[in-house]
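User: I am new to this structure. Please walk me through how to read it.

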Amino acid sequence: MKTYQEPFLHEKEAKVTNIEEKEGFLLVELDDTIFYPAGGGQPCDTGIIKNNYFEGKVADVSKKNSKIIHKVKIIDGTLKINDKVICEHSIKRRLNLIRMHSGEHVFMGALLKTIKDIKVDKVRLDEDESSLFVICKNLTWEQIFEAEKLANKIIKEDRDIIVKEVSKEEAKKIKGLRIKLDRIKSESIRIVEVKDHDLSACAGTHALKTGFIGNILITKFNLVKGTYEIRFKTNVSEDLFELAYISRKTASIIRKDVKEIPEFVENLMQENERKTAKLRELSASLVKEFKQEKIGEINFVYNIFDEVEKKQLIDQAASLKKEKTVVCFLNKLGDNAQVIIVASEDSGFKANELLKDVMDKFNGKGGGRDNFAMGSIKAEFSEKAVELVKEIIRN
Ligand SMILES: [Zn+2]
């Protein structure tokens with residue numbers, strides 16, 4: 001095991017073997033390091049390196065060819081090649097990443113037992129919330145709940161997490177091993193086993209036993225370009241209380257028991273869909289009603305509507321634009337009213353100018369083009385707005 005793969009080695013002496021300066025940082029190489037370089041979906045460790053003459057913050061650690069480069073921000077002092085330094089982890093971050101990484105293995109093992117055709121695409125671990133990207137046919141919350149339940153059972157059983165090195169040839173023979181052989185260049189392969197549950201080739205840092213993970217909570221999942229991103233957290237308690245708070249609060253709003261929430265909401269959604277369809281139908285016939293008045297040569301079309309569908313009204317207003325026509329529709333929506341003005345080119349009026357007069361007078365907001373403009377005013381001015389447009393046309 002490499003020093004930086006030792007899960008609980010948080011402090012160690014090392015010798016500086018190379019230093020370069022770049023953009024206000026020192027790029028430091030050490031003879032040995034406890035800092036995990038970013039790779040395999042696991043982000044790097046952070047921390048400090050120091051001695052009696054120097055203190056620096058390790059902001060980033062990366063692997064370039066076989067070299068591990070520590071990007072260090074100087075806090076105080078100077079550092080030279082051959083200096084001895086003490087390296088220290090940001091322990092909280094390291095422990096969180098260990099929990100996340102071990103949790104990911106346990107959960108992936110559980111997913112494989114729940115869903116036959118599932119494959120890992122990649123992993124993106126972080127301190128607070130991590131992501132597992134998987135490919136499978138159709139992922140459902142029921143499957144996720146089942147895998148989550150199994151993963152938490154494995155965690156509770158405090159199973160051993162065993163790390164061993166095998167050759168590429170041996171690795172090929174291990175049944176059920178999760179490995180991307182084409183991506184591995186070295187002859188020796190590091191295998192991480194969650195005892196009798198999951199086998200994976202991995203170079204990251206893991207706990208010694210599953211109990212250290214605490215627990216695992218899947219926070220959400222969604223499908224992006226054929227790959228499911230499953231987000232998860234480990235060692236949570238505040239999040240569980242937050243979720244419990246939300247469900248109890250929701251239950252009290254709908255006056256039901258917590259367990260009745262899903263069915264209730266499903267029914268509500270279906271009912272809402274039916275009612276929305278009905279309203280749309282109703283609104284479609286309402287928007288067809290309008291008044292007409294001849295003002296000089298202009299055909300003035302107007303009406304004030306109550307809560308009709310915006311798009312239907314816009315389409316209807318546009319369809320009424322005939323010769324020498326000005327259309328003025330208002331649509332009361334709660335405290336406000338949508339104002340739609342349409343003017344034909346031969347009417348001598350411009351929709352955006354008419355709308356501007358209405359907006360200026362009634363302190364509204366909106367805009368548009370010569371033949372179509374739209375804005376919003378307080379609903380109480382609806383009748384006066386129509387009168388104003390009529391007045392402008394008349395004069
Ligand atoms: Zn791992």
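**A helix across a sheet**

Analyst: Helix α1 (residues 91-114) lies across β7, β8 (130-135), β13 and β14, running at about 25° to β8. Helices (H or I, at least four residues) and strands (E, at least two) are DSSP runs, numbered from the N terminus. Axes are lines fitted to C-alpha atoms, for helices over the stretch in contact, and angles run from 0 to 180 degrees between N-to-C directions. Contact means C-beta atoms, placed from the backbone, within 7 Å. This is a predicted model: local features need pLDDT of at least 70, side-chain atom pairs count only at pLDDT 80 or more, and totals for chains, interfaces and linings use all residues. Residues are numbered from 1 along each chain as its sequence is written.

User: What is the order of the strands in the open sheet?

Analyst: Strands of a sheet pair through backbone hydrogen bonds, either parallel or antiparallel. Here 4 strands run in the order β7-β8-β14-β13, with antiparallel pairing. The edge strands, β7 (119-124) and β13 (216-224), each pair on one side only. The twist averages 25° from one strand to the next. Two strands count as paired if DSSP finds at least two bridges between them.

User: How many bridges join β7 to β8?

Analyst: There are 5, and the two strands run antiparallel. They form a hairpin with 5 residues between them. Lys119 stands opposite Ile135 in β8. β8 is also joined to β14 by 5 bridges, again antiparallel. There, Val134 has Tyr228 of β14 as its bridge partner. β13 and β14 (residues 227-234) pair over 8 bridges.

User: Which residues of β8 are on its covered face?

Analyst: In a regular strand the side chains alternate between the two faces of the sheet. In β8, Ser130, Leu132 and Val134 make up the covered face, while Ser131, Phe133 and Ile135 make up the uncovered one.

User: Now a helix. Which residues of α8 are buried?

Analyst: Buried means 20 or more other C-beta atoms within 10 Å of a residue's own; exposed means 12 or fewer, and partly exposed is in between, with C-beta atoms placed from the backbone. In α8 the buried residues are Ser382, Ala385, Val386, Val389 and Ile393. They cover an arc of only 100° around the axis, so they sit on the same side of α8. That arc is taken from the directions from the helix axis to the C-beta atoms. The face turned away carries the exposed residues Glu383, Glu387, Glu391 and Arg394.

User: What covers the buried residues of α8?

Analyst: The cover includes β15 (291-295), β16 (298-306), β17 (325-333), β18 (336-343), α7 (351-362) and β20 (372-378).

Definitions and conventions. Two residues are in contact if their C-beta atoms, placed from the backbone, lie within 7 Å.
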